[in-house]
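Have the sequence and the model at hand.

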Amino acid sequence: MEPQRPLPQPITPEARPYWDGLKEGKLRLPRCRECGRPFFYPRVACPFCASRTIAWMDASGRGKLHSFSIAHQSFNRALKVPPPYVLALVELEEGPRMMGNLVNVEPDPARLACDMPVRVVFSKLTDDVTIPLWEPAR
Ligand SMILES: [Zn+2]
């Protein structure tokens, strides 16, 4: 079956542990070995102290809905997810924020609220690519 979403291309070496973790059902975050702070997205240097000594940690997969928008039209023809759908900015327990879709909830403002608890769900697109989505945490 063809994926409903554009696949990330290319997967850069500094992001490889992130994508490998998702394939195993783990949400991993890069964390600076110098200042100890986790961050997202993966990159070669810490955004806080510029250290290039980066390690990886398993995130809890839990967070809260920092902000959201309900999309009623899709402007990217490669995205075949039928609207309406929820675009979410999730603040992880560990601090970093990630963009994604909030699923398993009606895309209705009456059902959504900033700061509502969410948790990660893994969506396998291909044998190589799994992406994190989010759902309300019960
Ligand atoms: Zn740092």
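A residue counts as buried when its relative accessible area is under 20%, and as partly exposed between that value and 50%. The model is predicted. W19 has 12% relative accessibility, so W19 is buried. Y18 is buried too, because its relative accessibility is 5%. F40, with a relative accessible area of 23%, is partly exposed.

**Ring pairs**

How many aromatic pairs does a search of the whole structure find? The search returns two. Ring centres must lie within 6.5 Å to pair; planes over 60 degrees apart make a pair edge-to-face, while those under 30 degrees count as stacked and the rest as tilted.

Y18 and W19 are edge-to-face, with 5.0 Å from centre to centre and 80° between the planes. Y18 also pairs with F40: the centres are 5.2 Å apart and the planes stand at 55°, so this pair is tilted. Together, the ring pairs link Y18, W19 and F40 into a cluster.

Which parts does the Y18 and F40 pair tie together? Y18 lies in helix α1, residues 16–23. F40 lies in the loop between β1 (28–32) and β2 (54–58). The pair therefore ties together parts that are 22 residues apart in sequence.

**Charges over rings**

Arginine side chains also meet aromatic rings here.

| Charged end | Ring | Distance to ring centre |
|---|---|---|
| R37 | F48 | 3.6 Å |
| R43 | Y41 | 3.8 Å |

How values were computed. Residues are numbered from 1 along each chain as its sequence is written. This is a predicted model: local features need pLDDT of at least 70, side-chain atom pairs count only at pLDDT 80 or more; totals for chains, interfaces and linings use all residues. Side-chain values use heavy atoms; hydrogens and water are left out. Rings of Phe, Tyr and Trp (its six-membered ring) pair if their centres lie within 6.5 Å; planes under 30 degrees apart count as stacked, over 60 as edge-to-face and the rest as tilted. Buried means under 20% relative accessible area, exposed over 50%, partly exposed in between (1.4 Å probe, protein chains only). Helices (H or I, at least four residues) and strands (E, at least two) are DSSP runs, numbered from the N terminus. A charge sits over a ring if NZ of Lys or CZ of Arg is within 6 Å of the ring centre and within 35 degrees of the ring normal.
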